[in-house]
Amino acid sequence: MIAETLHRKIYRLIKTMIVTKFDPFEKLPSERSLSLDFGVSRNTIRTAMNELYTNHYVFRVQGLGTFVAERPSISDENGGFTDLANAILEANTPFKKQMNSFDLVYDTEAINRLKLETSEKVLSIEQSYIADEGPILITRSYFPAKTVPTLVKPNVYQVTTIKNLFRNSRSVAVASIEKTVSARLATQKEAQLLRTDEPTVVIEADEVKLDYDGAGIMYSKAVANADHFVYRSRQVF
């Protein structure tokens, strides 16, 4: 009972650390490092990490370590849907992240999905994930521009602002999440980013998070070449 209580305490501490200090797809410290930081055994750390993995807070890449997963909500412990981005990256190692753009734009689709006024702008962040054989994934994240009202000219070098956008979005209570997975032909820009010939089929997963007032928190997309798509489902009883 004591060991169970201790591992649950460590589980909560590491979960809080993930939510407040780490970004999606960022690598976590090793079990040895965490055991020294928290002053507990590696077995306790391993038990806590296994629970975090089961609850989709982290994903593992063989030979590289444990990484922060994209989370729909900091309070959701029942997510059975394996995020497309996590699944793609877990199946393709090693990989690196590249920031493509950070802009203040009018995007009709994002504005509608975030339930904004047609006159409002959104902050758009585009990133590519690149494995040894080339690009495997494109992600696009959209936030209401009013989230950072003082931001006039965003650029990819504003790393702190970008990190804060993701972190702040994870701290908002999420009332509902809408998800869609579909197959379609890549746009010309996507084909260029994925370095594929046109026309090519891609898998797109999009997700919009709304708060309890019905306002949009974040709208995100993940686009991958269909050749790299792997869907896994696991049920724990």
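Six strands make up an open sheet, ordered 3-4-5-8-7-6, with antiparallel pairing. Strands here are DSSP runs of E with at least two residues, helices are runs of H or I with at least four, and both are numbered from the N terminus; two strands pair if DSSP finds at least two bridges between them. The edges belong to strand 3 and strand 6 (176-185), each of which has a single partner strand, so one side of each has no neighbour in the sheet. From one strand to the next the twist averages 15°, with axes taken as lines fitted to C-alpha atoms (for helices, over the stretch in contact) and angles running from 0 to 180 degrees between N-to-C directions. The model is a predicted one, in which local features need pLDDT of at least 70 and side-chain atom pairs count only at pLDDT 80 or more, while totals for chains, interfaces and linings use all residues. Residues are numbered from 1 along each chain as its sequence is written, and side-chain values use heavy atoms, with hydrogens and water left out.

Going through the pairs, strand 4 and strand 5 run antiparallel and are joined by ten bridges. They form a hairpin with two residues between them, and within this pair isoleucine 125 has serine 141 of strand 5 as its bridge partner. Strand 5 is mostly covered, with eleven of its eleven residues buried, buried meaning under 20% relative accessible area, exposed over 50% and partly exposed in between (1.4 Å probe, protein chains only). On to strand 8: strand 5 pairs with it in the antiparallel sense over five bridges, and arginine 140 stands opposite lysine 221 there.

Lysine 221 turns up again in the next pair, where aspartate 206 stands opposite this strand 8 residue. Strand 7 (residues 201-210) and strand 8 (residues 216-225) pair in the antiparallel sense over nine bridges, with alanine 205 opposite alanine 222 in strand 8. Five residues separate the two strands in their hairpin, and glycine 214 in the turn has a positive phi of about 80°. Strand 7 is largely enclosed by the rest of the structure, because nine of its ten residues are buried. Strand 6 pairs with strand 7, also antiparallel, over ten bridges; there, alanine 183 stands opposite isoleucine 203 in strand 7.

Helix 6 packs on the sheet, touching strand 3, strand 4, strand 5 and strand 8, and its direction makes about 100° with that of strand 4; contact means heavy atoms within 4.5 Å.

Strand 3 (95-105), strand 4 (122-131), strand 5 (134-144) and helix 6 (159-171) each supply at least two lining residues, and the largest share, four residues, comes from helix 6. By type, the lining divides into eight nonpolar, four polar and five charged residues (Ala, Val, Leu, Ile, Met, Phe, Trp, Tyr, Cys and Pro count as nonpolar, Asp, Glu, Lys and Arg as charged, and the others, Gly among them, as polar).

Aspartate 23 lies in the loop between helix 1 (2-21) and helix 2 (31-38). At 7% relative accessibility, aspartate 23 counts as buried. Not counting residues up to four places away in sequence, aspartate 23 touches Val68, Lys163, Arg167 and Arg170.

Arginine 195, in the loop between helix 7 (188-194) and strand 7, has a positive phi near 55°. With 60% relative accessibility, arginine 195 counts as exposed. Beyond its neighbours within four places in sequence, arginine 195 is in contact with Gly134 and Pro135; arginine 195 and glycine 134 are 61 residues apart in sequence and 7.5 Å apart in space, C-alpha to C-alpha. Lysine 115 sits in the loop between helix 5 (108-113) and strand 4, where its phi is positive, near 60°. Lysine 115, at 53% relative accessibility, counts as exposed.
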